[in-house]
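Please open the structure in a viewer and keep the sequence alongside.

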Amino acid sequence: MKGNFYESLRANKRAGKKSVALLIDPDKIHDMVQLQRLINHALESRVDYFFVGGSLITDSNFSQVVQLLKQSSELPVILFPGSNMHLDPSADAILFLSLISGRNPELLIGQHVLAAPILRKSKLEVVSTGYILIDAGNHTTVSYMSNTQPIPHDKVSVAACTAMAGEMLGLKLMYLDAGSGADRPVSPRMISAVGKSIDTPLIVGGGINNGHKAKDALEAGADLLVLGNGVEKNPGLLTEVCDIVYAHNRTLNVH
Ligand code: 1GP
């Protein structure tokens, strides 16, 4: 399905349809049997996308993970890279992340320059994404690894103006992230303010570890929810959140 990821997000947003991505961190996959079980669970739960990535990947099974995902399902596999080393041409698309909440030039443009010629040769769909880190109440790996300060949890208008500026710069997608394993997810108030400030699809993730938090984020205006850590701890969460999204989409008469 190369070339369709962004269009699917746009079409879903126009229709008011919500979706769910399961984030797979290759470092937390110890063997392919474990991954296959997770894939089967995700398919039964009816997730929409697989995201693959992590802020720090120390294991070398990145490509193996992407390949098994591609072999086992038709669902789009989207790279969510922590650095320019996390590229794999067999995926469908890549979130070409610019960390616009931070002021680290390496993550605003530096890594992108290194990755650009590799991406140009690949068939990956490249989706420019404004990546906005929000303070989570605890120190997440991403805030440490990115050497940036997240936007304070209650500074709603800073987040909204950051997203607005990102859209004006031509970024096609916005990702509000409290970071993996966040104590506090992004607040519904902030999601709502950001959503109202931009026309691009809005991804929200970080610390969504129960159905209430997922529902709050959806109702506030998230188009796509990303679940990672919470599913590792409680696999039932995935089905619970997918059921919430499915029920919402059924009211629109789209599935
Ligand atoms: C992290 O948004 C993702 O970048 C998912 O966060 O692992 O906390 O679900 P969790």
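Which residues does Ile29 touch, not counting residues up to four places away in sequence? Select Ile29 together with Ile24, Gln34, Leu35, Leu38, Asn61 and Val65: these are its contacts, where contact means heavy atoms within 4.5 Å.

Before going further, note that this is a predicted model, in which local features need pLDDT of at least 70, side-chain atom pairs count only at pLDDT 80 or more, and totals for chains, interfaces and linings use all residues. Residues are numbered from 1 along each chain as its sequence is written, and side-chain values use heavy atoms, with hydrogens and water left out.

**Stop 1: Ile29**

Stay with Ile29, in the loop between strand 1 (19–24) and helix 2 (32–45). Helices (H or I, at least four residues) and strands (E, at least two) are DSSP runs, numbered from the N terminus. Ile29 counts as buried because its relative accessibility is 4%; buried means under 20% relative accessible area, exposed over 50%, and partly exposed in between, with a 1.4 Å probe and protein chains only.

**Stop 2: the whole chain**

Now select the entire protein chain. Its secondary structure comes to 10 helices and 8 strands. The radius of gyration is 17 Å, close to the 18 Å that the globule rule gives for 255 residues, so the chain is as compact as a globular protein of that length. This radius is taken over C-alpha atoms, and the globule rule is 2.2 Å times the number of residues to the power 0.38. Along the principal axes, the C-alpha atoms fill a box of roughly 45 × 45 × 35 Å.

Of the 255 residues, 54% count as buried. Among contacts between residues at least 6 apart in sequence, 73% join residues at least 24 apart. With surface display on, the chain exposes about 11600 Å², of which carbon and sulfur atoms supply 54%; accessible areas come from the Shrake-Rupley method with a 1.4 Å probe, and for residues only the protein chains shown count as cover.

**Stop 3: two positive phi angles**

Most residues other than glycine have a negative phi. Select Arg46, in the loop between helix 2 and strand 2 (49–52); Arg46 is not a glycine, yet has a positive phi of about 70°. Arg46 is partly exposed, with a relative accessible area of 43%.

Next select Asn147, in the loop between helix 5 (141–146) and helix 6 (156–168). Asn147 also has a positive phi, of about 55°, although it is not a glycine. Is Asn147 buried or exposed? Its relative accessible area is 63%, so Asn147 is exposed.

**Stop 4: Leu99**

Move to strand 4 (residues 93–99) and select Leu99. Leu99 is buried, with a relative accessible area of 5%. Beyond residues up to four places away in sequence, Leu99 touches Leu107, Leu108, Tyr131, Leu133, Ser146 and Thr148. For scale, display Glu7: it is 92 residues from Leu99 along the chain, with 23 Å between the C-alpha atoms.

**Stop 5: helix 7**

Select residues 188–197, which make up helix 7. Which residues of helix 7 are buried? They are Met190, Ile191, Ser192, Val194 and Ser197. The cover over these buried residues includes helix 6, strand 6 (173–177), strand 7 (202–205) and helix 8 (211–220).

Met190 has a relative accessible area of 0% and is buried. Leaving aside residues up to four places away in sequence, Met190 touches Ile134, Ile151, Pro152, His153, Lys155, Val156, Ala159 and Leu176.

At Ser197, a polar atom of the side chain lies 2.7 Å from the backbone oxygen of Ala193. Ser197 also touches Ala160, Met164 and Glu167, with residues up to four places away in sequence not counted.

**Stop 6: Gly206**

Finish in the loop between strand 7 and helix 8 by selecting Gly206. Gly206 is buried, with a relative accessible area of 11%. Show Asp177, Ala178, Gly179, Ala182, Pro185 and Val226 as well: Gly206 touches these residues, not counting those up to four places away in sequence. Leu218 lies 12 residues from Gly206 along the chain, and their C-alpha atoms are separated by 14 Å.

Conventions:
A polar contact is a pair of N or O atoms within 3.5 Å; within protein, one must be able to donate a hydrogen and the other to accept it, and residues adjacent in sequence count only if both atoms are side-chain atoms.
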